[in-house]
Amino acid sequence: MIIRRATPEDAPFVKKVQVETYQSCYRGYLPDEALDALVVNEDYIQRTAAYIQKTECWVAQTDNQIIGFSYITYPEPDTFEINALYIHPDFQLKGIGSMWVSELCAEKKEKGFQKLVVWTLKNGPSIGFYQKMGLTQIAEEEKIWKPYNLPIIRFEKEL
């Protein structure tokens, strides 16, 4: 498996991973009708390609197949945020996400960053993963995830 910087040509595969991961992992957390309506269409692909060009997007690839992606931003000078980290359901529970977060933390620490921030669905399926990775919930930090109007909570980790 390799992790590499995404290109706009990766957009259809990034969107496919996102849709299939949402439909698998968020069932029971998001409305079924919203999940069932998710599709990979040309509009979503074009918007994803444009977003890849203006943000830091990485993909995980094995056997020339994209199996995961992440978006990274920098909300504060010494902080990086994982805005998205999705591993295709067929490749989950194999240590890929853990390895990815560990490598990101090591790389960013080497570059002088001091903190990782992640927002995740309150009572959602990713909380245990982030806790396992050493992140701690910041109790007073909560906001609404649009377009689903659901609460999300902030987790942090000192590097």
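Helices (H or I, at least four residues) and strands (E, at least two) are taken as DSSP runs and numbered from the N terminus. The model is a predicted one, in which local features require pLDDT of at least 70 and side-chain atom pairs count only at pLDDT 80 or more, whereas totals for chains, interfaces and linings use all residues. Residues are numbered from 1 along each chain as its sequence is written, and side-chain values use heavy atoms, with hydrogens and water left out.

Strand E2 (56–62) is mostly covered, seven of its seven residues being buried, where buried means under 20% relative accessible area, exposed over 50%, and partly exposed in between (1.4 Å probe, protein chains only). Both faces of E2 are covered, with Glu-56, Trp-58, Ala-60 and Thr-62 buried on one side and Cys-57, Val-59 and Gln-61 buried on the other. Strands are regarded as paired if DSSP finds at least two bridges between them. Strand E1 (residues 2–5) pairs with E2 in the antiparallel sense over four bridges, and Ile-3 has Ala-60 as its bridge partner in E2. E2 is also joined to E3, again antiparallel, by seven bridges, with Phe-69 in E3 as the bridge partner of Val-59.

The hairpin formed by E2 and E3 has two residues between the strands, and Asp-63 in the turn has a positive phi of about 50°. Asn-64, which lies in the loop between E2 and E3, has a positive phi of about 60° although it is not a glycine, and it counts as exposed because its relative accessibility is 73%. A further positive phi, of about 65°, occurs at Leu-93, a residue of the loop between strand E4 (79–87) and helix H4 (96–110). Leu-93 is likewise exposed, at 89% relative accessibility. Most residues other than glycine have a negative phi.

Within E4, Thr-79 is buried, with a relative accessible area of 0%. The side chains of Thr-79 and Asp-78 are joined by a polar contact of 3.0 Å, defined as a pair of N or O atoms within 3.5 Å of which, within protein, one must be able to donate a hydrogen and the other to accept it, residues adjacent in sequence counting only if both atoms are side-chain atoms. With residues up to four places away in sequence not counted, Thr-79 touches Thr-73, Tyr-74, Phe-113, Lys-115 and Val-117, contact meaning heavy atoms within 4.5 Å.
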